[in-house]
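Welcome! Please take a moment to look over the sequence and the model below, and then we can walk through them together.

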Amino acid sequence: MKNTFSLLLALLCPLFGKAQPIPVYLDDTQPIEARVQDALARMTLEEKVRLCTAQSKFSSHGVPRLGIPEIWMSDGPHGVREEISWDSWNAAGFTNDSCTAFPALTCLAATWNPEMAALYGKSVGEEARYRRKDILLGPGCNIYRTPLNGRNFEYLGEDPYLASTLIVPYVRELQKNGVAACVKHFALNNQEKWRGHIDVEVSDRALYEIYLPAFKAAVQKGGAWSVMGSYNRVRGEHACHNNLLLNRILKGEWTFDGCVVTDWGGAHDTREAVFNGLDIEMGTYTDGLSKSRDFAYDNYHLAKKYLQGLQDGTYPLATVEDKAARVLRLIFRTAMNRRRPWGAFTSQAHYDAARRIGEEGIVLLKNETPRRSRAALLPIDTTVYRHILVVGDNAVRRLTEGGGSSELKVQHEISPLQGLTKRYGDKITYTQGYAAGRPRYGKTEEPTIDTDSLRRAALELAREADLVIFIGGLNKNYQQDCEAGDRIQYNLPFGQDELIPALAEVNPRMVLVLLSGNAVEMKWVKKIPAIVQGWYLGSEAGHALSAVLSGEVCPSGKLPFSFPVQLADNGAHAFDALCYPGDSIHEVYKEDIFVGYRWHDTQNIPALFPFGHGLSYTTFDYGKATLSAETMQEGDTLTLTVPVKNSGAAAGKEVVQLYIGDVESSLPRPTKELKAFRKIDLKAGETRDVTFDITADDLRYFDDARHGWVAEPGKFVLYVGSSSTDIRARKTIILK
Ligand code: GLC
């Protein structure tokens with residue numbers, strides 16, 4: 001009997017025992033589109049709708065029944081934010097989430113080095129992967145339109161070409177970790193004042209030539225898997241559900257196949273959320289559990305209301321099919337991509353990356369020989385300067401904290417003072433000089449100590465010092481470099497404007513280091529022989545800064561935005577309140593395409609320090625530029641060659657910049673626009689030919705009447721420069 005049974009089983013088991021084929025959606029050898037369709041076919045309507053809504057502060061639903069995981073997101077562009085609570089903005093209190101803080105994105109922009117952008121994306125992507133995040137909420141690439149924007153430090157400067165060139169490697173390398181970039185804030189979120197509702201009006205030309213290119217590059221060349229809608233309105237509709245931005249441009253013209261995620265609480269209208277391109281609605285106001293029930297997740301626009309609308313025919317089923325397909329695609333690219341690597345967290349490689357990006361981004365603005373001295377102050381010569389006084393709150397302040405959602409809980413942050421003390425030991429003494437309040441989100445906090453005594457002490461000590469290094473600038477306090485508020489003054493806060501010239505009066509051998517993400521007014525600039533724009537440098541701040549000040553690293557950063565002498569010299573501030581900050585309802589970008597150096601050039605208003613400016617400890621001579629041809633037509637490629645020589649005594653890196661100007665055009669155009677750049681590393685005495693290939697694409701402008709890019713025949717000037725105003729070679733070409 002027993003034998004018969006086992007025989008029977010042996011005969012039958014191939015039928016039953018045959019390995020069940022795994023469902024296509026679970027089979028990651030299948031093409032993603034097949035997996036998406038298979039998953040959709042198995043899902044209920046409720047399950048499709050739930051994919052479009054938050055389940056907690058930083059996660060959105062999966063499909064538990066089918067084993068399709070949730071999506072976990074985290075800020076931010078400069079590192080992986082500490083774990084946030086399930087339903088509040090409070091920290092979750094984890095002890096395994098102290099991260100590496102990379103320099104702020106303005107510093108990355110100032111490197112003008114796509115290799116640094118790739119290193120950045122790879123490193124921060126590994127940290128996000130290790131922390132099991134599926135979406136990193138960054139990078140941001142809103143154009144720097146005004147020096148008062150509280151969040152400029154999170155972005156890539158004033159020029160669309162520079163921002164476009166650097167955002168692509170960041171996104172590509174980040175996503176190789178199986179973590180989605182979430183390029184933000186799409187679009188026209190160029191200020192924090194009234195950010196939640198201000199309705200921005202801008203011409204199509206400025207939209208397409210200035211404000212869209214970096215997003216377009218991130219999507220089309222970077223392959224970004226998600227985009228975050230911004231809080232503001234654009235032409236009357238909230239950007240998080242905006243037909244022009246999301247349906248026509250992003251998903252239409254750019255054929256974006258990823259997910260549009262709201263900024264937190266950025267959805268305001270169910271019908272628009274359904275029809276105008278939104279895919280995942282994330283929120284701010286809900287605790288999901290008890291209070292503020294009216295914002296609980298189920299009451300979100302793309303939740304119960306949406307489901308009811310689908311069931312009663314108000315909303316076509318095709319809308320949720322498209323949204324769910326996009327969310328599933330993102331899940332298959334991230335959480336269900338079993339081939340993705342495992343990441344790394346706070347590794348030495350990441351600290352090295354943070355330091356290198358910082359070193360390459362620091363900009364030497366000025367380096368002159370002060371009176372009664374024989375040489376420029378930088379790099380620091382310790383045979384001459386034996387008693388170095390460091391002054392300033394920013395020498396010791398933690399600048400990875402505060403600033404809003406890009407804040408970080410770090411494993412370590414080497415302050416400038418720590419970096420300098422480590423390098424120079426007891427040659428260094430420190431005094432605070434001035435006091436800034438604590439980084440308070442949403443309010444300013446005046447310092448409580450007696451700032452006069454700080455100032456008097458600093459002046460006393462400066463008298464005896466061989467060299468003074470003042471480390472100041474802005475910080476991450478509210479209405480400084482901080483989210484949810486703009487700066488309320490262009491000049492430096494906390495009494496620095498008085499202290500800086502007073503110190504220089506007492507001791508002319510003074511180096512000024514500004515740590516900030518924005519330009520500032522410098523009425524005292526003539527009195528300061530050496531000025532360094534130091535950015536927010538993250539965990540390795542002190543190491544990067546002391547490496548450059550000491551000459552171990554030769555500075556090679558270039559400004560990614562202009563420093564206007566005064567605020568009124570900036571295009572956004574040259575008109576009226578409607579132009580900036582708006583009338584609290586509407587805002588009109590009246591400077592149009594003339595943003596940053598485009599404004600300075602066209603209006604003939606010299607900047608204090610121009611876009612693309614940055615000095616070195618060596619010098620670079622540019623030879624005669626030559627052209628492969630003087631005329632070209634559509635389809636041709638013309639090559640410009642310029643020999644560049646390191647004519648100084650130290651090895652160094654130079655950013656050779658190519659700007660192109662259209663001599664005659666039917667529509668107004670800037671005098672010149674950045675169209676290419678090369679960062680080259682030259683030993684002392686070395687010469688290298690730098691070449692640029694130019695096509696008609698580099699000559700085009702956006703013709704809003706034809707809704708297309710046009711290169712008009714005629715004369716164009718090619719400017720090769722070490723900055724946007726330091727032009728070293730110039731050639732003219734004719735487009736036939
Ligand atoms: C914030 C920011 C956005 C951030 C999000 C989540 O309001 O605008 O950049 O990613 O909410 O913190």
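Sorted by class, the shell around the ligand holds seven charged residues, six nonpolar ones and two polar ones. Keep in mind as you look that this is a predicted model. Which of the 15 residues around the ligand come nearest? They are Asp75, Arg151, His185, Tyr231 and Asp263.

Let us pick out some individual side chains here. Aspartate 75, one of those nearest residues, places a polar side-chain atom 2.6 Å from an oxygen atom of the ligand. How much of the ligand does the protein bury? On its own the ligand would expose 310 Å², and 97% of that is buried by the protein.

Now step back to the whole chain. It is divided into three parts: domain 1 covers 23-80 + 97-333, domain 2 covers 362-561, and domain 3 covers 618-735.

Follow domain 1 across to domain 3, whose C-alpha centres lie 35 Å apart. Where the two meet, 13 residues of domain 1 are in contact with 17 residues of domain 3. Between them these domains bury about 1400 Å², with 62% of it on carbon and sulfur atoms. On the domain 1 side, Trp112, Tyr161 and Arg205 lose the most area to domain 3, and together they make up 50% of what that side buries.

What kinds of pairing cross this interface? Seven residue pairs are in polar contact, both partners having pLDDT 80 or more, while the count of salt bridges between domain 1 and domain 3 is zero.

Key:
Residues are numbered from 1 along each chain as its sequence is written. This is a predicted model: local features need pLDDT of at least 70, side-chain atom pairs count only at pLDDT 80 or more; totals for chains, interfaces and linings use all residues. Side-chain values use heavy atoms; hydrogens and water are left out. A residue is near a molecule or strand if one of its heavy atoms lies within 4 Å of it. A polar contact is a pair of N or O atoms within 3.5 Å; within protein, one must be able to donate a hydrogen and the other to accept it, and residues adjacent in sequence count only if both atoms are side-chain atoms. Accessible areas come from the Shrake-Rupley method with a 1.4 Å probe; for residues, only the protein chains shown count as cover. Ala, Val, Leu, Ile, Met, Phe, Trp, Tyr, Cys and Pro count as nonpolar, Asp, Glu, Lys and Arg as charged, and the others, Gly among them, as polar. Domain bounds come from an automatic or database domain assignment. Contact means heavy atoms within 4.5 Å. Buried area is the accessible area (1.4 Å probe) that two parts lose on being put together, summed over both. A salt bridge is a side-chain nitrogen of Lys or Arg within 4 Å of a carboxyl oxygen of Asp or Glu.
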